[in-house]
Amino acid sequence: MTEPSATSDVKNRAFRQVTHPAPSLAHIGDDLCCGCSACSCACPKTAIRMVLNSEGFYRPSVDESLCNNCMLCLKFCPVRAAGEDEGRGDMDEPDICAAWSTDRENHLSSSSGGVFSELAKTVLEKKGLVCGCAWGEGWTPRHVLIDSPDDLASLKGSKYIPSLVHARLFRDIVDLAKRGSTVLFCGTPCQVAGLRLVAPPEARANMILVDLVCHGVPSLTSFHAYLDHRFGSRDRIESFSFRNKELSVQTLCAVERSGARYLKNCGEDPWFRAAMVYHLYLQKICFTCPFGSMPRPGDITLGDFWGIPEIWHHQKGDSLVLASTPKGKALIRELVGRRSLRVIPSDYTTASKHIGRLRGAVYPVPRLRARALKLIASGEYLRADVCCRVPMRFYERSAGFLNRRLERLKGFLPARGRTV
Ligand SMILES: Cc1cc2nc3c(=O)[nH]c(=O)nc-3n(C[C@H](O)[C@H](O)[C@H](O)COP(=O)(O)OP(=O)(O)OC[C@H]3O[C@@H](n4cnc5c(N)ncnc54)[C@H](O)[C@@H]3O)c2cc1C
């Protein structure tokens, strides 16, 4: 497994003290930065590092003594380039399907249908490399590069918080691909768009880019503060999964070193609800994600097939797969041919009906978000949690009330007092 070395961590700590926003960040502004690391990778002077800001999001910080203002960091910013046709010439009409890994163990240990691991296994079997997100020290996710199927387990499962892609990792991927190795990269659409932008065409030819249908990433600091609050210290946790499939496909599971287990449906866990249901801790740009529509930045897009027709539904999770390029389509066909995947063809209308992040959906920014993140930044997780609960309950009730009204209007429910 390749990760940033200990010396680079020491340098990173020293660098943290120099927190000048990179020229790209100064130009687009903090609210539009997605923390993908592309600018850091593009900097020819290696003057840009990604550092965690007080709210818990990665932001590019520049060492001004090295920066020569070439502005390549801005040129390679995927947010700035979003909507341009850059590098998307190979995009076709996507093949869309519901898919499940035929390996039961893999299906159970993955977030959705286990398609990512099947793609990764195939690449690794052919002596290629795979880059994905693994848990790091202190329950901090970061992307790592693996070349052995033995390391694949660490990449499995969604971590619903920002994952750091070290600039050196992007550079390694580009170098390896240029030298002819096949490299599969899996990440959020902004990370994939960033890598796509910094990779020259000769490298891109050997890369398989897999982007996720992404709801958005919540603050890493809020997650850490929650773990410290809930378990006394996050160091007490031995294993953690956002998608343990014991109770339902959406079960959050933490096992403490003492053996105690915390199992909660995601919708009932206070942090997950605040972060992913009410969007209180979401990164600002995620509300208007510029990559959440078609065409997708990846050769293949993976997501949960929410709203899958009941007759296809698998209790342990359904994957939605969009293969948008000839390379992506060939790989999915290969997996089906080897019987590693079971697929049922679908279409954009069915797939996008319940998945806003294929239709360019925009979420409203909750009024309490700024206050909640401020409290998180000042280390007051409990106050953030408490101050959000009452309005959240109000929101929940009023949303429930409005939904019921709507249902009645549609004629699905009998009006109160009326007999049918
Ligand atoms: C932050 C986030 C939000 C998501 N939101 C949605 C959504 O709203 N709707 C939807 O349909 N699907 C969403 N997904 C995707 C979904 O949860 C599954 O990851 C996807 O369906 C692939 O599942 P799988 O079973 O094939 O493989 P899995 O084994 O579950 O996939 C694992 C791979 O996902 C990638 N990954 C995991 N965590 C991160 C991370 N923090 N940053 C970057 N890459 C990561 C890694 O490369 C990892 O190796 C989201 C995923 C993430 C990470």
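**Notebook: ligand shell, core and strands**

I began with the ligand, whose shell I sorted by class into 15 nonpolar, 15 polar and four charged residues. In this count Ala, Val, Leu, Ile, Met, Phe, Trp, Tyr, Cys and Pro are nonpolar, Asp, Glu, Lys and Arg are charged, and the others, Gly among them, are polar.

I note that this is a predicted model, in which local features need pLDDT of at least 70 and side-chain atom pairs count only at pLDDT 80 or more, while totals for chains, interfaces and linings use all residues. Residues are numbered from 1 along each chain as its sequence is written.

**Entry 1: the ligand shell**

I looked up which residues come nearest to the ligand: of the 34 around it, they are Ser110, Ser111, Gly132, His215 and Gly303. A residue counts as near when its C-beta atom, placed from the backbone, lies within 6 Å of the molecule. I then listed the elements that give two or more residues to this shell, namely α7 (115–125), β5 (129–136), β7 (183–187) and β12 (300–304). Helices (H or I, at least four residues) and strands (E, at least two) are DSSP runs, numbered from the N terminus.

After α7 comes Lys127, with a positive phi near 70°.

**Entry 2: the core**

I turned to the largest nonpolar core, which has 108 residues; Ile173, Phe185, Val198, Val210 and Val321 touch the most other members. Such a core is a set of buried Ala, Val, Leu, Ile, Met, Phe, Trp, Tyr and Cys residues joined through C-beta atoms within 7 Å. Helix α8 (residues 167–178) contributes the most, seven residues. The core lies between domain 1 (6–81) and domain 2 (91–379), because both give residues to it. The domain bounds come from an automatic or database assignment.

I checked Phe185 and, leaving out residues up to four places away in sequence, found that it touches Cys131, Ile173, Val192, Leu195, Met207, Leu209 and Val210. A contact requires C-beta atoms, placed from the backbone, within 7 Å.

Helix α9 (residues 189–198) is mostly covered, with ten of its ten residues buried. Its cover includes α3 (38–42), α5 (78–81), α8, β7, α10 (201–204) and β8 (207–212).

**Entry 3: strands**

I found six of the seven residues of β4 (residues 95–101) buried. Strand β4 pairs antiparallel with β13 (residues 319–323) over five bridges, and Cys97 stands opposite Val321 in β13. Strand β4 also pairs antiparallel with β14 (residues 341–345), again over five bridges, and Trp100 stands opposite Arg342 there. Pairing requires at least two DSSP bridges between two strands.

I also traced an open sheet of three strands, in the order β1-β3-β2 with antiparallel pairing. Its edge strands are β1 (20–21) and β2 (48–52), each pairing on one side only. Five bridges join β2 to β3 (residues 58–62), and Arg49 has Ser61 in β3 as its bridge partner.

**Entry 4: the whole protein**

I recorded 16 helices and 14 strands. Of the 420 residues, 42% are buried. Among contacts with a separation of 6 or more, 68% join residues 24 or more positions apart.

Note on methods: A residue is buried if 20 or more other C-beta atoms lie within 10 Å of its own, exposed if 12 or fewer, and partly exposed in between; C-beta atoms are placed from the backbone. Two residues are in contact if their C-beta atoms, placed from the backbone, lie within 7 Å.
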